[in-house]
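Me: Got a model open here and want to go through it with you. Can we start with the strands and then turn to pockets?

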Amino acid sequence: MTIELHAFDTPNGRKISVALEEMDLPYRVQVVDITKGEQFDPAFLKISPNNKIPAIVDPEGPGGQPISVFESGAILVYLAEKTGRFWPSEPMAHVATMEWLMFQMGGFGPVPGQVHHFIALDNETDRRYGLKRFMDETRRLYAVMDRRLGEHEFFAGGEISIADFAIVGWAWRHPRHQVDLADFPHVQRWYRVMMARPGVARGFAVPLRRG
Ligand SMILES: N[C@@H](CCC(=O)N[C@@H](CS)C(=O)NCC(=O)O)C(=O)O
């Protein structure tokens with residue numbers, strides 16, 4: 001049965017197209033153009049109560065019943081539990097997957113997202129303050145990831161997991177938050193490995209915009 005992915009061409013949307021491709025799940029995209037306010041459509045609100053992409057509808061959810069899921073972290077966990085893939089069962093790696101998934105959801109997403117906001121401001125005073133604050137924190141988060149990836153191949157350890165899909169969605173935007181990956185060589189090594197995966201490449205190539 002085909003899953004509906006309601007998304008747009010953003011880091012949080014890409015996390016899910018990457019996961020669906022990597023998990024070989026059949027899906028079709030329903031573009032929600034957030035530049036046109038489509039996230040506020042009452043029909044979308046029914047599946048995404050926070051009016052944000054991404055959301056999915058799985059016609060074959062628990063007990064064979066349809067289910068909708070919002071919040072990209074919850075969607076990744078849902079898909080990992082559904083397929084049993086990219087969700088390490090070995091206890092240490094399982095906990096590490098959750099840790100790095102939460103790290104992404106709570107930090108490495110909201111923080112570079114603020115850089116994307118402040119960098120586009122015209123008012124130089126507002127811009128300078130916001131950029132200093134959130135760029136410093138973004139670079140600190142890259143340093144945290146660099147330490148982890150200096151010790152492990154992937155975020156959960158030796159095995160790729162949904163935490164990598166969550167983080168690659170935002171690392172993909174490093175040019176926009178003006179981070180040179182050469183400053184974080186372990187992140188750069190991991191990023192190249194991730195982007196060389198056919199499933200990840202397909203997840204970034206699938207059209208998430210109209211036209
Ligand atoms: N915590 C949410 C964040 C989702 C989010 O911020 N989505 C953005 C695009 S990346 C959005 O829909 N923005 C439209 C809006 O805020 O009106 C998740 O991870 O799913």
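Reply: Fine. This is a predicted model. Strand 1 (residues 3-7) is largely enclosed by the rest of the structure, because 4 of its 5 residues are buried, that is, under 20% relative accessible area.

Me: Which way do strand 1 and strand 2 run, and how many bridges join them?

Reply: They run parallel, and 5 bridges join strand 1 to strand 2 (residues 27-31). Within that pairing, Glu4 has Arg28 as its bridge partner.

Me: What unit do strand 1, helix 1 and strand 2 make?

Reply: A β-α-β unit, and it is right-handed.

Me: And strand 3, parallel or antiparallel to strand 1?

Reply: Antiparallel, with 3 bridges between strand 1 and strand 3 (residues 55-58). Leu5 is bridged to Ile56 of strand 3.

Me: OK, pockets. How much space lies in the largest pocket?

Reply: About 710 Å³. Its lining has 28 residues.

Me: Which of those lie nearest the centre of the largest pocket?

Reply: Thr10, Asn12, Lys52, Ile53 and Trp170.

Me: Which elements give two or more residues to the lining?

Reply: Helix 1 (11-22), helix 4 (91-106) and helix 5 (110-118). Helix 5 gives the most, at 5 residues. Helix 1 is also the helix of the β-α-β unit with strand 1 and strand 2.

Me: How does the lining of the largest pocket split by class?

Reply: There are 13 polar, 9 nonpolar and 6 charged residues in the lining.

Note on methods. Residues are numbered from 1 along each chain as its sequence is written. This is a predicted model: local features need pLDDT of at least 70, side-chain atom pairs count only at pLDDT 80 or more; totals for chains, interfaces and linings use all residues. Side-chain values use heavy atoms; hydrogens and water are left out. On a 1 Å grid over the protein atoms alone, a cavity is a set of points where a 1.4 Å probe fits but cannot get out, and a pocket is an open set with protein on both sides within 12 Å along at least five of seven lines; lining residues have an atom within 4 Å of a point. Grid points are joined across faces, edges and corners, and a volume is the space filled by probe spheres set on the points. Ala, Val, Leu, Ile, Met, Phe, Trp, Tyr, Cys and Pro count as nonpolar, Asp, Glu, Lys and Arg as charged, and the others, Gly among them, as polar. Buried means under 20% relative accessible area, exposed over 50%, partly exposed in between (1.4 Å probe, protein chains only). Two strands pair if DSSP finds at least two bridges between them. A crossover is right-handed if, with the strands pointing away from the viewer, the path from the first strand over the helix to the second runs clockwise.
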